[in-house]
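Here's a quick briefing to read with the structure open beside you. We'll start with the chain contact and then turn to helix packing.

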Amino acid sequence: MLHKIKSGFIIQILSIVLVFAASMSAQQIQVNKVAGDVKYLSGTSEVWAKVKKGEALRTDGYISTGKNSSVHLNHSGELITIGELSAVSISSIKKMTTDELLLALAMEDMINAPKSNGKENSGNTAVYGEDESKNKITKLGANDFGIKRLNGAMQLAENGLSESSVVFAKETYRKYPETKKVASYRIFFADILYDKGLYAEALGEYLEIQKLELSKEQKNKVDSSINTLNKILLND
Amino acid sequence: MIPSYKILPQSSSDLNGYFGLQDFISIPFYNYESNPDNFFNTKDWGISLQYGAEFSGSFNSSIYLLGISKRIGNHSLSARYTPGFQKEFLFSTGESIVVNDTTTQSLEANYTYKELFGLGYSYKMNEQLSAGLSLRFFEQDFNQQIVKPVFGDTLYLVTENLSEDLNFWKADIGIDYFLNDQLQFRLASINLLNFGDDPTTEEFQGFEIKQERGAFIAAGFFPYNYLNFNFIYETTSSFQFSTTGNANKFVYGVTAFHDQYQEPYIAGLVPSFGYRTNLFEVLLSGVYYFSDRTNDAGFSQFYEEGIDNIINNRYSYNKIVLSLALNISSTPEKKVELIDVQIVREIYPTFYDMYLDKPFAYGKIVNISSEQVKVTPSVRIEGITEGNINSPQVLVEPGDTSTVPFYLIISESLNMERATLSNADFYVNVTSNQPDDEMQKPALVNSENAWDGNVVNLRYFISKDMNFSMNYAKNILSENKNILDSLLAELDEFEKAKLLFNEFVKKMTYVSDPRASVEYVQFPNQTFELKGGDCDDLSVAYCSLLESVGIQTALVDYKNDLQLRHVNVMFNTKLSPEQAALITNNDSKYFIRKNEQDIDEVWVPIETTSLTNFGEAWNLGVEKFNREALNELGLASGKVEIVDVY
């Protein structure tokens, strides 16, 4: 029985991956309109280049907008608008199913698991309890690339690519850990998980957010979401 | 005045040499000379025969010994009949008579010393202590011709035989102590108790065997099965030492002895060589004396010096002895049986410690005794293991069948240039060192460059010859010390990895696997020697260079079934995500991993087959990793796996 379940699960994963990979290779991104300072980082290049109207973008590149700037992209017939002070990877401009999102979240968890060395590490032996500096918000400027990425992730959601937006945000948190402390973004993406019916994942996020420095309004919202989700999950 | 001769019935020398207290050989244990406490390891019945020949100018052969032994629980009994243990001395008395006025007849004296039989008993108190005794029966036949006058019409002389048979028993005790498997001791008496006839005829007084009390102490050191050392020292100042061993069922040894009553200082050697199985044992031994034994001895020398031992004295000749022993089990002494063994893993010599965690075979055993037993499984593979490798003990209830694992330890220094089919000997032991049962199975032992295709196991190739990689890497780094010193300390790992890669690629060419399969991997030194390799070889060599200077690495295993399987490398720059901008403006060119302390660190993927420069290899590594591991969710589906080297 267990074997059957495992086999079924593996087949499901492989099917998702195959469809996902096929959809990736079919993507074409074209620049329809450029306003202001819009730059493009191609593949593994170290140099940002100005984006021109009509340009075709590689799927492994980045696009970044400056203040009061925007870019309109044509993604296989669908128009995507990226507003000011945002950055997105072209590969994240894609439609994903909820199953694909779940798989991507599982991968994030896997990546974020500490490397095991077979030893018990006690961490900081001098201080017990949570390291408070972890939750202290560092002042991140609007031009900080991590914040621009989170803005870009929000733009993806606003363009109907909410699943991709969560994955892109998660990757941003990994590469720019300071951005994890900005509660407003965290709440935004946790809400997407909630809306998609991924209650356990959403609850996990809210519980993490609860540990951050929150405004009264944010705190009320997070507490309320946690209560609701607990009830939903209890009744499941 | 009657001279007092030193004729000792026992010293520790025997005809097979001295094998210590080892239980791998049973023949010497019928020799009460070095084993007066009757220690032996026959499981049930044992029978022994010694047939020998003496080179005394002519070739005189005879049965020296017939022995029988029996073990009952911790009690061991033995008996031996020794028809060949005798020495006869025939002398002219110096007197003669004239017969028929023309013929002269010399008068003769004859002294014969015999050991006829012996009995032994011992008790095993525990695995470390055993004690026992032996009782031996000796016979002495003395004959002498004398002239006796007969008075009648005419006085004439007649010869008459004087004779006397003197029998006596002697008893000795001894104790054996096994400190551990490598160090063992024995303490035993010489002529502790003697009782028997005293000579009544004046002419024979002083010729009887003298029973001087003494003792000997023996020690054995057994560092390896194939090489052991034994030493016996007697309180009479005689001693002997031997080197013995066993390998592949062959037993061998050579004993040198010093006898205070013989010349030269090392009086002789006793070499021996034999073959044994659980059922029988054959041992060919010899006694070779360094002094000349071909001259006849005169009565005056015998009168002056005497002899010290019946089978080993100054008048003994070189001998050759063939010994046979048979172990007969009339009752099922063994407690467990090995029903079957299944080898579940091929042997890859380079994975030297893998079989410590993962058994390479499983055996099915059954407890045929009526008691709970602790079974020790062990295995020996010719050319692979150093002796038997014991696995953890398994408790088996009476009548129960159980599966036991067989683990292996492979010598790190093993060199196997090509795959061989070897024999694996599997044993199960309960109480003694003698296996209760054994089974032999053929086992494929791959060459040292063989690999099972599991990327996790490439770490064995990375760690092999780490000294070579360390020297190579350190040379490069010291040549570039100025560059490294001028850089930010935070960039130490990154710059070292970059320097090493750029030097590494100068000498390398990508070549596909010479054996056209993934199962052959070169060690780093071989890759440098051959100036190239495939993705496995190059990744192993580069990882080895980085690891040798303390840079953490991981192998990235791309298992995409649509293409050939591929491996490349990822290394830890030790930079924090915030410091990543020190090495790139493009955040897609690195990957964040948490370390053991839950701290994020920047890792960089490198395509080792890109033998151009570090920058190009990094870009190619990034493109492949981002595409297959991240964008196509390879890490989630298991099609891409990151395997940490340590």
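How much area is buried between chain A and chain B, and what percentage of that do carbon and sulfur atoms give? In this predicted model, about 3000 Å² is buried between the two chains, with carbon and sulfur atoms giving 57% of that.

**Between the chains**
- Chain A puts 37 residues into the contact, and chain B puts in 33.
- Look for 2 salt bridges across the interface of chain A and chain B.
- Glu46(A) and Lys589(B) pair up through their side chains in a salt bridge, at 2.9 Å from N to O.

**Helix packing in chain A**
- Helix 3 (residues 145-158) of chain A and helix 5 (residues 183-195) of chain A have axes that come within 11 Å and cross at roughly 30 degrees.
- That angle is why helix 3 of chain A counts as roughly parallel to helix 5 of chain A.
- On the helix 3 side of chain A, the contact includes Ile147(A), Leu150(A) and Met154(A), while the helix 5 side includes Tyr185(A), Phe188(A) and Ile192(A).
- Sorted by class, the residues in this contact of helix 3 with helix 5 of chain A are 9 nonpolar, 1 polar and no charged.

**Helix packing in chain B**
- Helix 4 (residues 466-479) of chain B packs on helix 6 (residues 492-506) of chain B at about 105 degrees, and their axes are 10 Å apart.
- So helix 4 of chain B ends up roughly perpendicular to helix 6 of chain B.
- Tyr472(B), Ala473(B), Ile476(B) and Leu477(B) from helix 4 of chain B meet Lys496(B), Leu499(B), Leu500(B) and Glu503(B) from helix 6 of chain B.
- This contact of helix 4 with helix 6 of chain B has 6 nonpolar residues, 2 charged and no polar.

Notes: Residues are numbered from 1 along each chain as its sequence is written. Chains are lettered from A and ligands numbered from 1 in the order in which they are written. This is a predicted model: local features need pLDDT of at least 70, side-chain atom pairs count only at pLDDT 80 or more; totals for chains, interfaces and linings use all residues. Side-chain values use heavy atoms; hydrogens and water are left out. Axes are lines fitted to C-alpha atoms, for helices over the stretch in contact, and angles run from 0 to 180 degrees between N-to-C directions. Helices (H or I, at least four residues) and strands (E, at least two) are DSSP runs, numbered from the N terminus. Angles under 35 degrees count as roughly parallel, over 145 as roughly antiparallel, 65 to 115 as roughly perpendicular and the rest as oblique. Contact means heavy atoms within 4.5 Å. Ala, Val, Leu, Ile, Met, Phe, Trp, Tyr, Cys and Pro count as nonpolar, Asp, Glu, Lys and Arg as charged, and the others, Gly among them, as polar. Buried area is the accessible area (1.4 Å probe) that two parts lose on being put together, summed over both. A salt bridge is a side-chain nitrogen of Lys or Arg within 4 Å of a carboxyl oxygen of Asp or Glu.
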